[in-house]
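Please keep the structure open while reading.

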Amino acid sequence: MESEAIGTAASNTDFSLLSLVFDADPVVKLVLLFLLGASIWSWMVIVEKLFSLGGARRKAKQFEAAFWGGRTEDFDMRPGQVGSDAAGRVFASAAREWSDAKRGMPAPAEAAALVSRAERSMRATVDREIGKAGKGLGVLATIGSASPFIGLFGTVWGIMNAFLNIAAQQDTSLGTVAGPIAEALFATGMGLVAAIPAVIFYNKFTGDLTSFGDQLDTFSQDVLVRLSRRASDPGRD
């Protein structure tokens, strides 16, 4: 008889996704809405980073290939040499120091000072490029870490409602507690849905950003070597 009552209660209860959302407690609805918005926001950041960070690394490689395939000892600015790519802007910071030195600095006596200024300028440019490329990763980190706990709050609230229904109706049947418990579990699931992609892609983009920074650092060191050689040449003008 008890099993028949449970089966009847379950058959009379609608456990579809929409019914769980629309019949949920207002607090649980707010939690679900917040988690849905967080999930959408994280995917927007993920898609943007897939294109922007991948494109930045590809353009930097293309600039390096084109630059080192040309006149590697020439630090004068040339048409089309500096575009929208990060490596081009890193080179431009060294080229500006070279241009200033050619106008007012006595020949090889200040070569070390020139290289030091160029190194600091390129280091600052690399840091700016890394900061620009990494913009938005904090959103993924926040969503990835906070969403499970927000979902857990919805779970606790839903289970609390289940016990309140038992106390109010003096009934422990499935029909009394099934709805609030289902809402609670759904809030947990939504928290994981928002958090898991954010954590996975945050780790991926962090690794990509580290590789991008190493790529720019290597390029800047190569530029410094050639700049030092050129600055030490008395006939550089």
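The model described here is predicted.

- E129 belongs to helix α5, which covers residues 111-133.
- The relative accessible area of E129 is 7%, and buried means under 20%, so E129 counts as buried.
- Leaving aside residues up to four places away in sequence, E129 touches A86, R89 and L216.

- A pair of aromatic rings is described by the distance of the centres and the angle of the planes.
- The structure holds five aromatic pairs.
- The ring centres of F63 and F91 are 6.4 Å apart and the planes lie at 45 degrees, so this pair is tilted.
- F63 in helix α3 (residues 26-68) and F91 in helix α4 (residues 86-104) are 28 residues apart, and their pair links distant parts of the chain.
- Both F63 and F91 are buried.
- The ring centres of F63 and F219 are 5.9 Å apart and the planes lie at 85 degrees, so this pair is edge-to-face.
- Distant parts of the chain are linked here too: F63 is in helix α3 and F219 in helix α7 (residues 174-231), 156 residues apart.
- F219 is buried, as is F63.

**An aromatic cluster**

- Which residues form one aromatic cluster? They are W43, F201 and F205.

Definitions and conventions:
Residues are numbered from 1 along each chain as its sequence is written. This is a predicted model: local features need pLDDT of at least 70, side-chain atom pairs count only at pLDDT 80 or more; totals for chains, interfaces and linings use all residues. Side-chain values use heavy atoms; hydrogens and water are left out. Helices (H or I, at least four residues) and strands (E, at least two) are DSSP runs, numbered from the N terminus. Buried means under 20% relative accessible area, exposed over 50%, partly exposed in between (1.4 Å probe, protein chains only). Contact means heavy atoms within 4.5 Å. Rings of Phe, Tyr and Trp (its six-membered ring) pair if their centres lie within 6.5 Å; planes under 30 degrees apart count as stacked, over 60 as edge-to-face and the rest as tilted.
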